[in-house]
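Colleague: I am new to this one. Could you walk me through how the terms are applied?

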Amino acid sequence: MKKLIGPFTQILTLAGLGLKGALSDDDLQIISQGGVLVENGLILAVDDFEALRKANPSTTIEEITGDHVLLPGFVDCHTHICFAGSRAKDYAMRIQGKTYLEIAKAGGGIWDSVTQTRAADEDLLERLLLQRIERHLAEGVTTIEIKSGYGLETASELKQLRAIAKASTQTKASLVSTCLAAHMVPKDFSGGQSEYLNYVFHDLLPVIKNENLSNRVDIFIEESAFDAKNALTYLNRAKQMDFDITVHADQFTTGGSAVAVKSGAVSADHLEASRDVEIKLLANSDTVAVVLPGASLGLGMQYAPARKLLDAGACLAIASDWNPGSAPMGDLLMQAAVISTAEKLNTAEVFASLTFRAAKALRLNDRGILAPGMRADMQAYPTNDYKEILYHQGKLKPLIIY
Ligand code: NIG
Ligand code: FE
């Protein structure tokens with residue numbers, strides 16, 4: 001059934017902005033006193049509210065009272081929110097100045113979340129996941145990518161991916177799952193990197209394909225996880241199975257982004273350590289550069305060079321990396337506002353990186369812009385000026401509108 005929603009004080013459509021490179025706030029399309037005509041979850045028209053009302057006299061009206069600024073729902077293209085337990089112990093040690101190695105030795109790190117997630121059953125995982133999904137949705141995130149990677153053996157990775165699949169039937173948020181079985185070589189695996197990746201390739205990826213649990217494969221390329229050579233072999237094999245590729249790249253040391261570009265990855269994520277050479281490589285590719293300010297905040301590290309990436313011509317997305325270890329906060333809008341002050345990203349660049357550019361990292365071209373034919377996943381902030389949204393650094397909460 002057709003429905004006319006509005007009036008909105010401003011509609012920020014995000015239409016007409018480029019997919020790559022720097023943007024200007026002058027190019028933001030703003031419709032004052034606007035309305036959106038929707039049918040079956042899709043946008044039919046975005047225009048002046050009164051004009052739409054006159055043109056559609058018998059249409060149901062969902063009236064919005066008071067000042068509101070409408071935006072497309074945010075797309076968080078990188079999270080690890082399917083986990084059990086807590087890593088508060090790691091955080092306490094980190095802020096005491098303990099090193100990564102000292103924390104791992106004390107039983108912390110990714111392996112601690114693997115142990116806690118393996119011990120949880122699928123129902124518990126689904127419940128915990130849904131709580132985090134609903135919180136994200138209430139904060140304007142209508143599309144959420146969710147990785148496995150805390151199972152690290154076939155049954156537990158499948159348990160995570162099945163919990164994500166079940167959760168997606170219980171929420172209005174749109175979920176995209178990714179297999180991150182290549183998060184680290186599990187401590188209880190007898191063999192090295194290549195043996196483990198072989199095992200994942202033979203034992204796990206075919207089941208994921210058969211059960212249609214995910215069409216994306218991720219790997220953590222880092223000294224503590226997988227090296228570039230093993231990663232490239234694994235990713236090429238996954239690609240031959242028709243998986244989309246994404247990479248945890250250049251978080252502490254470089255090397256990952258080159259593998260991402262070489263393997264035609266849809267995105268290279270983290271990039272805190274990327275230098276000019278990696279920036280150029282990403283800018284000249286189709287791989288989306290995903291920066292994760294939540295991990296910089298959680299670890300007390302420098303931000304990824306978002307400004308330089310945009311100026312070089314890259315497609316930049318901002319994601320939360322919400323996970324129990326390095327990025328426990330998960331407040332995407334707050335994190336985007338904070339990196340925008342540090343890196344000098346303007347409003348158009350920030351909103352593009354949270355919407356249609358982040359959707360590109362998930363190969364979704366049906367969302368992130370308010371225009372006819374696009375999904376009607378929307379959020380409205382209680383203000384009369386779009387500039388208030390980043391200014392309040394995540395404290396202004398939206399109304400979710402479908
Ligand atoms: O993206 N960098 C690797 N993986 C996660 C951290 C996961 C964890 O610490 O549990 C990340 O930051
Ligand atoms: Fe991550």
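**Contacts, ligand and backbone**

Modeller: Start with Q170, which touches E126, L130 and E134, leaving aside residues up to four places away in sequence. Keep in mind that this is a predicted model.

Colleague: What makes E126, L130 and E134 count as touching Q170?

Modeller: Contact requires heavy atoms within 4.5 Å. Q170 meets that with E126, L130 and E134. The C-alpha atoms of Q170 and L130 are separated by 7.8 Å, and the two residues are 40 residues apart along the chain.

Colleague: Where is Q170 found?

Modeller: Q170 is in the loop between α6 (154-168) and β8 (174-182).

Colleague: Why is the pair Q170 and T169 called a polar contact?

Modeller: The cut-off is 3.5 Å between N or O atoms, and for residues adjacent in sequence both must be side-chain atoms. Here the side chains of Q170 and T169 make the contact at 3.1 Å. Therefore the pair qualifies.

Colleague: Which residues come nearest to ligand 1?

Modeller: Y150, H183, Q251, D321 and S326 do, out of 14 residues around ligand 1. The shell divides into three nonpolar, nine polar and two charged residues.

Colleague: How do you know that side chains make polar contacts with ligand 1?

Modeller: Set the distances against the 3.5 Å cut-off. An oxygen atom of ligand 1 is 2.7 Å from a side-chain N or O atom of S326. For D321 the distance to a ligand oxygen is 2.8 Å, and for H270 it is 2.9 Å. Each is within 3.5 Å, so each counts. The protein covers 95% of the 320 Å² of accessible area that ligand 1 has on its own.

Colleague: What makes you say that ligand 1 sits in the largest pocket?

Modeller: The test is that more than half of a molecule's atoms lie within 2 Å of the pocket's grid points. Ligand 1 passes it for the largest pocket.

Colleague: Which peptide bond is cis?

Modeller: The one from G6 to P7, with omega near -5 degrees. P7 lies in strand β1 (residues 3-12).

Colleague: What is the phi of Q33?

Modeller: Phi is near 50 degrees, a positive value in a residue other than glycine. Q33 belongs to strand β2 (residues 30-39).

Notes:
Residues are numbered from 1 along each chain as its sequence is written. Chains are lettered from A and ligands numbered from 1 in the order in which they are written. This is a predicted model: local features need pLDDT of at least 70, side-chain atom pairs count only at pLDDT 80 or more; totals for chains, interfaces and linings use all residues. Side-chain values use heavy atoms; hydrogens and water are left out. A residue is near a molecule or strand if one of its heavy atoms lies within 4 Å of it. A polar contact is a pair of N or O atoms within 3.5 Å; within protein, one must be able to donate a hydrogen and the other to accept it, and residues adjacent in sequence count only if both atoms are side-chain atoms. Accessible areas come from the Shrake-Rupley method with a 1.4 Å probe; for residues, only the protein chains shown count as cover. On a 1 Å grid over the protein atoms alone, a cavity is a set of points where a 1.4 Å probe fits but cannot get out, and a pocket is an open set with protein on both sides within 12 Å along at least five of seven lines; lining residues have an atom within 4 Å of a point. Ala, Val, Leu, Ile, Met, Phe, Trp, Tyr, Cys and Pro count as nonpolar, Asp, Glu, Lys and Arg as charged, and the others, Gly among them, as polar. Helices (H or I, at least four residues) and strands (E, at least two) are DSSP runs, numbered from the N terminus.
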